[in-house]
Amino acid sequence: MVDVPQRRPARAARLRPVGDGELELQYRVVHGYRRAFRMAGEGPALVLIHGIGDSSATWAELIPDLARTHTVIAPDLLGHGASDKPRADYSVAAYANGLRDLLSTLGVESATLVGHSLGGGVAMQFAYQFPERTERLILVSAGGVGREVNPALRLVSLPGAHLALSALRLPGMRLHVGLAVGLMRLLDTDLGQDAPELLTLVDALPDDTSRNAFIRTLRAVVDWRGQVVTMLDRCYLTAGMPTLLLWGDRDSVVPVRHAHGAHAAMPGSRLEIFEGAGHFPFHSDPARFRALVEEFTRTTAPADWSRDHWRALLREGRPATRTGAVPEGTVTDLREASERSAT
């Protein structure tokens, strides 16, 4: 059997104000490429990893309060935001390596990772590659735990996507996209729940360089059939890793059933569903999101990994899945996971 770290008693929070200057973008050059990030606060490290097409700005409302008890680091992933956008490797494994190197330059040896969408896949990959540097996982509407994904992302992975994205920048197209998104919101569709964020993502691709980086990133994780990488086959390795799953029940990008599948595959994980929220539950209800993150980090002990612990997990292997013990579809996903391995 594998030893699981015990929960520790709640500690009194030491609050400190966060200055405006701390929220501004900072830069480090790593391997010759400029990487942008926001860093604020003091205390245990909390790394916020955004999703595809997004940037560290997506966490702006949360950073000041989280930084009262944590050292918060929110990077712009390579190819996103104010970071460089080279013709490079945009796989989740490459992102995990880049995150490790950025944290190393900042003197951060270990951290709790909060990953949204693609960032959730990056967080899981980071924990897989560098378990000794991962204290906890908080996965928010995370990719990488099922094949399904919004059809629009499948279409963008096809040849000719660059022309389609370029067309969105033509005069008048922003208005048409805004009207379409507004209609989806008016009709109370699931996709309409994330209408403001969808428009922001369109605005985040102003030039060929940004669009090329977006498409290269997307094609590393999605094709016409859906998501092409997964951590579902190795989720058993999170035994002993405090893991919190946060999902909106109206997520039209990564369906909420993926949350239940991941919860079943991750031993000891905790699942919290945001009713009425879409793909961005931390925008829909930032107060609840912040409270859950703070409570989870305060009341759980960071994972304490060793080579012996890792070896024991690998030798023990993935537990046999009992029919009826997991939500419908998870068994099939586990069988298919080997062909969509992230390594």
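The following conversation goes through a predicted model of one protein chain.

Student: What is the secondary-structure content of the protein chain, helices and strands?

Tutor: The protein chain has 13 helices and 10 strands.

Student: And what share of the residues is buried?

Tutor: Of the 343 residues in the protein chain, 53% are buried. The chain exposes about 15600 Å², and carbon and sulfur atoms account for 54% of that area.

Student: How much of the contact set joins residues at least 24 apart?

Tutor: Taking contacts between residues at least 6 apart in sequence, 77% join residues at least 24 apart.

Student: Let us go to the core. Which residues touch the most other members of the largest nonpolar core?

Tutor: They are Val47, Leu118 and Leu139, in a core of 62 residues. Another core, of 23 residues, lies apart from it, and its members include Leu66, Val114, Val140 and Val293.

Student: What does valine 47 touch, leaving out residues up to four places away in sequence?

Tutor: Valine 47 touches Ile73, Pro75, Leu99, Leu103, Ala111, Thr112, Leu113 and Val114.

Student: Leu118 came up as well. Which threonine touches Leu118?

Tutor: Threonine 217 does; beyond four places in sequence, its contacts are Ile52, His80, Tyr90, Tyr95 and Leu118. Threonine 217 belongs to helix α8, residues 208-221.

Student: Is threonine 217 buried or exposed?

Tutor: Threonine 217 has a relative accessible area of 0%, so it counts as buried, the cut-off being under 20%.

Student: New topic: how many cavities of 30 Å³ or more are there?

Tutor: There are 2 cavities of 30 Å³ or more.

Student: What lines the largest cavity?

Tutor: Its lining consists of 14 residues, and those nearest the centre are Met124, Ala127, Tyr128, Met231 and Thr238. Helix α3, residues 118-129, supplies the largest share of the lining, 3 residues.

Student: How does that lining of the largest cavity divide by class?

Tutor: The lining of the largest cavity has 12 nonpolar residues, 1 polar residue and 1 charged residue.

Student: And which residues line the second largest cavity?

Tutor: The second largest cavity is lined by Arg35, Ala36, Pro75, Asp76, Leu77, Leu78, Tyr95, Gly98, Leu99 and Leu102. Two elements, β2 (33-40) and α2 (92-105), each give two or more residues to this lining.

Student: Which element gives the most to the lining of the second largest cavity?

Tutor: That is α2, with 4 residues. By class, the lining of the second largest cavity comprises 7 nonpolar, 1 polar and 2 charged residues.

Student: Some of those residues must have other contacts. Which proline touches Leu78?

Tutor: Proline 86 touches Leu78 and also Tyr33, not counting residues up to four places away in sequence. Proline 86 sits in the loop between β4 (71-75) and α2. With a relative accessible area of 15%, proline 86 is under the 20% cut-off and is therefore buried.

Student: What about backbone angles? Which phi value does histidine 31 have?

Tutor: Phi of histidine 31 is near 55 degrees, a positive value in a residue that is not glycine. Most residues other than glycine have a negative phi. Histidine 31 is in the loop between β1 (26-30) and β2.

Student: What is the phi of serine 141?

Tutor: Serine 141 has a positive phi of about 45 degrees and is not a glycine either. Its place is in the loop between β6 (134-140) and α4 (151-156).

Student: For these two, buried or exposed?

Tutor: Histidine 31 counts as exposed because its relative accessibility is 60%, over the 50% cut-off. Serine 141, at 0% relative accessibility, counts as buried.

Student: Last one: where is alanine 287?

Tutor: Alanine 287 is in helix α11, residues 286-299. Its relative accessible area is 44%, so alanine 287 is partly exposed, a class that lies between 20% and 50%. The C-alpha atoms of alanine 287 and glutamate 61 are separated by 9.9 Å, although the two residues are 226 apart along the chain.

Definitions and conventions
Residues are numbered from 1 along each chain as its sequence is written. This is a predicted model: local features need pLDDT of at least 70, side-chain atom pairs count only at pLDDT 80 or more; totals for chains, interfaces and linings use all residues. Side-chain values use heavy atoms; hydrogens and water are left out. A nonpolar core is a set of buried Ala, Val, Leu, Ile, Met, Phe, Trp, Tyr and Cys residues joined through side-chain atoms within 4.5 Å. Buried means under 20% relative accessible area, exposed over 50%, partly exposed in between (1.4 Å probe, protein chains only). Contact means heavy atoms within 4.5 Å. On a 1 Å grid over the protein atoms alone, a cavity is a set of points where a 1.4 Å probe fits but cannot get out, and a pocket is an open set with protein on both sides within 12 Å along at least five of seven lines; lining residues have an atom within 4 Å of a point. Grid points are joined across faces, edges and corners, and a volume is the space filled by probe spheres set on the points. Ala, Val, Leu, Ile, Met, Phe, Trp, Tyr, Cys and Pro count as nonpolar, Asp, Glu, Lys and Arg as charged, and the others, Gly among them, as polar. Accessible areas come from the Shrake-Rupley method with a 1.4 Å probe; for residues, only the protein chains shown count as cover.
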